[in-house]
Amino acid sequence: MSNDVRRLGLPMQLAATSLIVLGLVGLARLASSDEGARKLDQAAEQTRQQLQGADRDASTAGIGLEGRWRVDYEDAWFTGTLIYELRREDTGLKGYLIEILDEAGRAPVDDSLILEMHAWNGSEGEGLYYFEYQGERYEAACRLEALSSGELRVRYDVYGYRGDEMWHRVAESVR
Amino acid sequence: MIDSLTRALDWDAVTTWFYVLNDLSFVYVVVPFFVVELIRYAFLKRLDFDVIGDSVANVITFVSFVAIEYALGLLFVTKLYFWIYTEISLSHLSLNWVTIVTCVLLADLAYYWDHRLMHRIGIGWATHTVHHSSPHFNMSVAYRFGPLDAVIPLLFSLPLVMLGYHPILVLLSEVFVQQFQAILHTEAIGKLPRPIEFLFNTPSHHRVHHGSNLQYWDKNYAGILIIWDRMFGTFEPEVEQVRFGIDRPINSNNPLVVFFHGLQRLASKLVSTKGLGNKLRVLIKPPSWHPSQLEPAGSSSEPAELRLPDKLE
């Protein structure tokens, strides 16, 4: 095939390109699953952090999430404060509920898992947020954003309910 | 069969394959082949200071390009790509043979279009002309880059991330396409068997792309598959002996001249072009565009030779 073949007009070329893209992406979607994608995101996390670490080295140091965080709630099913603790473990950064401060007073709880971080670049990241509602345990994908070294914004969307929480770091002396 | 194509692959294994294909190929293909080319130049009595100086300039432009790419690419990938991937992309895709192959094919198609754009708009050509400005054609020319050569490709790969491909897989696929195309920069290999020449980009097709012969201008943009050029009417076979380089040679192996001559020529053209609208057109119209093309025939005061289509003007 040489140049004497009639050339498609640019709109037709772009339309053909779109069709090829649709076909290839369609094929990839047929061969993919949510579970597979989640596994990839988790597996690629270290590579991502290496890249982001390299980027951070060139800009600013990130904020570490480890430590205790206080969250105040005032809604229909709970009014009070929960204390979470984020810990670095072999399997990644995880958050646990360690105390409940409700109208009845301070009560320690059984270290139940509430957060599993999948990505954190020093200022923002994502993970899975676990919570209990009316005796049922739920999980929701969440986004975390550090507003400062002491303030963390956590957002999630579960069955159409958009959660938007502000977490405050608990100072060492308050513990 | 289908099971093996869709079975999840190990991330570390996949990144290792790409490391072997993308990074290590520099050691086991590019450098040894360049040595062979130098021996070939010597055998043909073409090994002179110009070839050596040109190759040294190529390496220096590559180092400069990598420094820019490292800062810019890292910023793009770690910030923009991942922001798009987590915030506005379609649902994420798995890692298996189908998604890897489709990602490489899409990266190749994106490469075709970004490469074509680099040739067909003034600002694109101002940086990409560096790659084409060598009068020689060997492995070192593959690494002769302009200052902004990384910008347009990064923009063209964003849609792949929006479609749900993992940003690092997109990046690895892009580098794979680039590296495949890099090893085509040689005069030492003639034409390959017809099925290969029909489907794939080859040294012959890529020599045409680097030709300054008029019929070879803006042809064979492909990275891996030449079928994109065949489909979109930009294919040209190698028939006439290729004259490498650009139509306004830079006649210099000074790395600074090599690296910046495209931007310098674009800046001169912008300064000499009157009117903000025309200045913008200089940036986004084809490199041969000149404001006199807006005027009725014969009304321009420019000498005729300045109005000739000139890839560098």
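Ten residue pairs are in polar contact across the interface of chain B and chain A, both residues at pLDDT 80 or more. Polar contact here is a pair of N or O atoms within 3.5 Å; within protein, one must be able to donate a hydrogen and the other to accept it, and residues adjacent in sequence count only if both atoms are side-chain atoms.

A word on the source. This is a predicted model, where local features need pLDDT of at least 70 and side-chain atom pairs count only at pLDDT 80 or more, while totals for chains, interfaces and linings use all residues. Residues are numbered from 1 along each chain as its sequence is written, chains are lettered from A in the order written, and side-chain values use heavy atoms, leaving out hydrogens and water.

Now the salt bridge. Between the chains the count is one. A:R143 and B:E87 form it through their side chains, at 2.7 Å, N to O. The rule is a Lys or Arg side-chain nitrogen within 4 Å of an Asp or Glu carboxyl oxygen.

How many residues does each chain bring to the contact? Chain B gives 42 and chain A gives 35, with contact meaning heavy atoms within 4.5 Å. The buried area is about 3600 Å². That is accessible area (1.4 Å probe) lost by the two parts on being put together, summed over both. Carbon and sulfur atoms give 63% of that area.

Last, one residue. B:Y165 touches residues of both chains, not counting those up to four places away in sequence. Among them are A:L24, A:V25 and A:A28, plus B:Y85 and B:L106.
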